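Work through the exercises below with the sequence and the structure in view. Try each task before reading its solution.

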Amino acid sequence: MTQTSVATTVASTAVVLTGAERRKIGGLAERLARTGPAETDDLDWIRAVRDASAELPQRLLAGLRSFRHDAGPDGVLLVRNLPVHPADGAPLPPTPSHAGSVERTATTAAAVITAAMLQLGEVIAFRNEKSGAIVQNVVPVPGQERQQSNAGSELLEMHVENAFHDNRPDYIGLLCVREDPSGEARLCTASIRRALPLLSSRARSVLSEARFLTEAPPSFEGRAGAAPAHAILPGAAEDPDVLVDFHATHPLDGEAREAMTELRDAFIRTTSALAVVPGDLAIVDNRLAVHGRSPFVPRYDGTDRWLHRVYASLDNRRNRPLRHTAGAVLD
Ligand SMILES: O=C(O)CCC(=O)C(=O)O
Ligand SMILES: [Fe+2]
């Protein structure tokens, strides 16, 4: 069974915004688009979004707070019906298609995802990834079809985001701005809470030992080599975290390889696959769930699938040594 054969299912925890709630968020975003300098990487703008995020609709605030307390059996929160179109009624620009594409302008969609993520934690980015931009574009890039990064369009293996990094994000937000016109692409997620009961006790025990190495992904320029050996299921034996990237994590021995295969099968059997539509924000708990994407065929004509991605971290002190400018970017 492959990931693509999994039927579309929606993660169980969802907040579907009403028209009134959507309009309220649209009003906040419009205000933020006018808040100088209206650049997403500017710390003054991020401060303004942080303040405004306290005015998000009560039901969304409660959903985010509850998800932060416990990400539930799926480790994913889906927020639907968010505004993503320019407030002035102008059409969305064509989907960008250049490598390393990011959103520097404080558009409605950029303000919406940044505000939601700022209610979960502190927004962060990595200097070596997508030029350290807070709001990144997930778009297919010509010539990168086979790359195991979000610029590719072949199957993107299930992964914990930046699994190799000690200060990887705690949450990944993915907001759909334009849906895949081919209808093929699925955002796939799977949580260790669903997969754990399917594992043999031998696999559980092997996966909890430091018998695996994880490399930096291709999107991280200039980060060669692997971090020290680590466990794939660290933490509480009965409710562990997961730390794996099925492209970049390598088992150190035969038994470790078998356990990884068992885990991959368990994830495939418990995968939720979602064809995101504009206004869908999927927030993945990067400690409990892996994510990936089914293959699709891009057109490169401005109509391709387009998501924004923003990371959030729960602890602004733990990563302080890497934030040399005391800003949001980890060096
Ligand atoms: O394209 C997707 O649905 C997910 C891509 C991804 O893994 C990411 O942007 O981190
Ligand atoms: Fe990812």
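This is a predicted model: local features need pLDDT of at least 70, side-chain atom pairs count only at pLDDT 80 or more; totals for chains, interfaces and linings use all residues.

**Exercise 1.** Find which residues coordinate the iron ion (ligand 2), and where Glu161 and His291 lie in the chain.

*Solution.* 
- Step 1: List the donors. His159 (NE2), Glu161 (OE) and His291 (NE2) coordinate the iron ion, at 2.0 to 2.1 Å.
- Step 2: Read their spacing along the chain. The pattern is H-x1-E-x129-H.
- Step 3: Glu161 is in the loop between β5 and β6 (171–178), while His291 is in strand β12. They are 130 residues apart, so this pair links distant parts of the chain.
- Step 4: Check burial. Glu161 has a relative accessible area of 6%, so Glu161 is buried. His291 has 5% relative accessibility and also counts as buried.

**Exercise 2.** Describe what surrounds ligand 1, and state how much of this ligand the protein covers.

*Solution.* 
- Step 1: Collect the shell. Among its residues are Val138, Leu156, Leu174, Leu187, Arg293, Leu307 and Arg309. Glu161 and His291, from the previous exercise, also belong to the shell.
- Step 2: Sort by class. The shell has 5 nonpolar, 3 polar and 4 charged residues.
- Step 3: Find polar side-chain atoms close to the ligand's oxygen atoms. The side chain of Asn150 has an N or O atom 3.0 Å from an oxygen atom of ligand 1. For His159, the distance from a polar side-chain atom to a ligand oxygen is 3.1 Å. For Arg305, the corresponding distance is 2.7 Å.
- Step 4: Work out the cover. On its own, ligand 1 has 300 Å² of accessible area, and the protein covers 99% of that.
- Step 5: Name the contributing elements. β5 (156–159), β12 (289–293) and β13 (306–313) each give two or more residues to the shell.

**Exercise 3.** How many aromatic pairs are there, and how are Phe67 with Tyr171 and Phe126 with Tyr311 arranged?

*Solution.* 
- Step 1: Count. There are 3 aromatic pairs.
- Step 2: Take Phe67 and Tyr171. Their centres are 5.8 Å apart, with 45° between the planes, and the pair is tilted.
- Step 3: Phe67 belongs to helix α3 (residues 58–69) and Tyr171 to strand β6, 104 residues apart.
- Step 4: Check burial. Phe67 is buried at 3% relative accessible area. Tyr171 is buried at 0%.
- Step 5: Turn to Phe126 and Tyr311. This pair has 5.8 Å centre to centre and 70° between the planes, and is edge-to-face.
- Step 6: Phe126 lies in strand β3 (residues 122–126) and Tyr311 in strand β13, 185 residues apart. Both Phe126 and Tyr311 are buried.

**Exercise 4.** Is Gly72 buried or exposed, and where does this residue lie?

*Solution.* 
- Step 1: Locate Gly72. The residue is in the loop between α3 and β2 (76–80).
- Step 2: Read the accessibility. Gly72 has 16%, and so counts as buried.

Terms used: Residues are numbered from 1 along each chain as its sequence is written. Chains are lettered from A and ligands numbered from 1 in the order in which they are written. Side-chain values use heavy atoms; hydrogens and water are left out. A residue is near a molecule or strand if one of its heavy atoms lies within 4 Å of it. A polar contact is a pair of N or O atoms within 3.5 Å; within protein, one must be able to donate a hydrogen and the other to accept it, and residues adjacent in sequence count only if both atoms are side-chain atoms. Accessible areas come from the Shrake-Rupley method with a 1.4 Å probe; for residues, only the protein chains shown count as cover. Helices (H or I, at least four residues) and strands (E, at least two) are DSSP runs, numbered from the N terminus. Ala, Val, Leu, Ile, Met, Phe, Trp, Tyr, Cys and Pro count as nonpolar, Asp, Glu, Lys and Arg as charged, and the others, Gly among them, as polar. Donors are N, O and S atoms within 2.8 Å of the metal (3.2 Å for Na, K and Ca); water is not among the atoms, so sites may look incomplete. Buried means under 20% relative accessible area, exposed over 50%, partly exposed in between (1.4 Å probe, protein chains only). Rings of Phe, Tyr and Trp (its six-membered ring) pair if their centres lie within 6.5 Å; planes under 30 degrees apart count as stacked, over 60 as edge-to-face and the rest as tilted.
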